[in-house]
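Visitor: Hi! Could you walk me through this model in plain words?
Guide: Happy to. Let's take a look together.

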Amino acid sequence: MNRRSRTTALAALLACALSAPLLSAAPASAAQGAPSVARAVQAPSVAAELELPAPTGPHPVGRRTLHLVDRSRTDPWVPAVGYRELMVSVSYPARSAGGAPAAYMTTEEARLLLEERGLGGVVAAETVAGTRTHARVAAPPAPGRFPLVLLSPGFGMPRATLTSLADDLAGRGYVVAVVDHAYESVGTEFPGGRMLPCVACEEVDAGPEYAAVATGRAADLSFVIDELTGRRGPGAALSRMIDSRRIGVAGHSIGGAAAAGAMAADRRVRAGADLDGDFFVPAPGAGLGGRPFLMVGAAATHRPDSTGTDWSEAWSRLHGWKRWLTFEGAGHFSFTDFPWLGDRLGLPDPTVPLSGERGWSLTRDYVAAFFDLHLRGIPGRLLDGPTPSRPEVTFHRP
């Protein structure tokens, strides 16, 4: 993806939440999020105190941030730097709610995100970075063993975009690891103040290249499982609270393709979910061995009759428990934090009818119901079919 294309993709990323009215926020059938945006109309500077939605489960939420280094692999984007590095935010059920609130992102990460879109004068980086979360830094873990869920964000997006989903699942009784894949975000801060840019954004410009991204991320996710379930290394302190027999993966955009890839490559993963992302790699099927998979997308781009998406092929190759859901009025980023934050800044995307709050609640409920069923054995009727209280949700069985 060249510089101009990268700017377009990131413009779309922010359009759903942090911009003034846009002329378009086009379909993201290419999962990696490059809906075209004609132009942004600048708005006056916005000052606001932002807060993410509160987790709905019974547990307080703790947070630890891990820097992991996979010494078995060289970084695919910048081989000269050496080993593959990852930043991972782990949300988990805590014993108590004491301690300092966990940061949403650093000011420099927020500044890079906003400047790439040309929104530096519209929303202050400190406003975005200072978004209040509901997790507490290094809070003591709750007693017991809990399922592990790994989350992978969209291409070019930082892990912070899935914070609300991670914290909500943690409050319900999951250990949740959100992974920042080095050089695949517009800006991720690593130890020592190193800010790694999105080198991949400059190099990826076609389907086969996106497949390579998904495959690399799948390897990242397996490595994170190793680290969090092992007895040594940075993740060892959390391994005691993880039930390694109950592991799930999910992702937004290309992170959804990575989730499918991780399932196919790693038998430890029992269930997976894709949030509005195409697969690019050979559609999941025999590699999943009948394990359950959930596909949730925007109706405009991921219905069975939509063009430019590989979901129909994927569906035909899934032979275990499966669901294909679409949300009417959703945009590509309705499954992330951005629309929620944009609504609270008074900067919603007029091309996406589904409100940030509604998109968040639907995503939360269906993802939680999926993992509750397949990792905790908790039955529910939400995934059985349409419900009058959620008319935006369509179940597809092509």
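Visitor: Where is R111?
Guide: R111 sits in helix α2, residues 107-117. Helices (H or I, at least four residues) and strands (E, at least two) are DSSP runs, numbered from the N terminus. This is a predicted model, where local features need pLDDT of at least 70, side-chain atom pairs count only at pLDDT 80 or more, and totals for chains, interfaces and linings use all residues. Residues are numbered from 1 along each chain as its sequence is written, and side-chain values use heavy atoms, with hydrogens and water left out.

Visitor: Is R111 buried or exposed, or something in between?
Guide: R111 counts as partly exposed, because its relative accessibility is 29%. Buried means under 20% relative accessible area, exposed means over 50%, and partly exposed is in between (1.4 Å probe, protein chains only).

Visitor: What does the side chain of R111 make a polar contact with?
Guide: The side chain of E108, at 2.4 Å. A polar contact is a pair of N or O atoms within 3.5 Å; within protein, one must be able to donate a hydrogen and the other to accept it, and residues adjacent in sequence count only if both atoms are side-chain atoms. R111 can also be compared with E126: the two are 15 residues apart in sequence and 8.0 Å apart in space, C-alpha to C-alpha.

Visitor: New topic: what volume does the largest pocket have?
Guide: About 290 Å³. Of the 21 residues lining the largest pocket, S89, A103, Y104, M105 and R159 are the closest to its centre. On a 1 Å grid over the protein atoms alone, a pocket is an open set of points with protein on both sides within 12 Å along at least five of seven lines, a cavity is a set of points where a 1.4 Å probe fits but cannot get out, and lining residues have an atom within 4 Å of a point. Grid points are joined across faces, edges and corners, and a volume is the space filled by probe spheres set on the points.

Visitor: And what classes of residue are in the lining of the largest pocket?
Guide: There are 10 nonpolar, 5 polar and 6 charged residues. Ala, Val, Leu, Ile, Met, Phe, Trp, Tyr, Cys and Pro count as nonpolar, Asp, Glu, Lys and Arg as charged, and the others, Gly among them, as polar. At least two lining residues come from each of β1 (61-74), β2 (83-93), α4 (163-172) and β5 (175-181).

Visitor: How many cavities of 30 Å³ or more are there?
Guide: The count is 2. The largest cavity holds about 40 Å³ of space, and its lining includes T161, F335, D337 and W360. Helices α4 and α12 (356-375) each supply at least two of the lining residues.

Visitor: Switching to strands, how covered is β11?
Guide: Mostly covered: 6 of the 6 residues in β11 (residues 322-327) are buried. K322, W324 and T326 point one way from the strand, while R323, L325 and F327 point the other way.

Visitor: Which strands pair with β11?
Guide: Strand β10 (residues 293-298) pairs with β11 in the parallel sense over 6 bridges, and β12 (residues 393-396) runs antiparallel to β11, joined by 4 bridges. Two strands pair if DSSP finds at least two bridges between them. On the β12 side, W324 stands opposite H396.

Visitor: What about β10 itself?
Guide: β10 is largely enclosed by the rest of the structure, because 6 of its 6 residues are buried. Strand β9 (residues 269-275) runs parallel to β10, with 4 bridges joining them, and D274 stands opposite M295 in β10.

Visitor: Which cysteines does a disulfide join?
Guide: C198 and C201, with 2.0 Å from S to S. A disulfide is a pair of cysteine sulfur atoms within 2.5 Å, and the count by that rule is 1. The link of C198 and C201 is right-handed, with 70 degrees about the S-S bond, and both cysteines are buried.

Visitor: Last one: what is phi for D276?
Guide: About 60 degrees, a positive value although D276 is not a glycine. Most residues other than glycine have a negative phi. D276 is in the loop between β9 and β10 and counts as buried because its relative accessibility is 0%.
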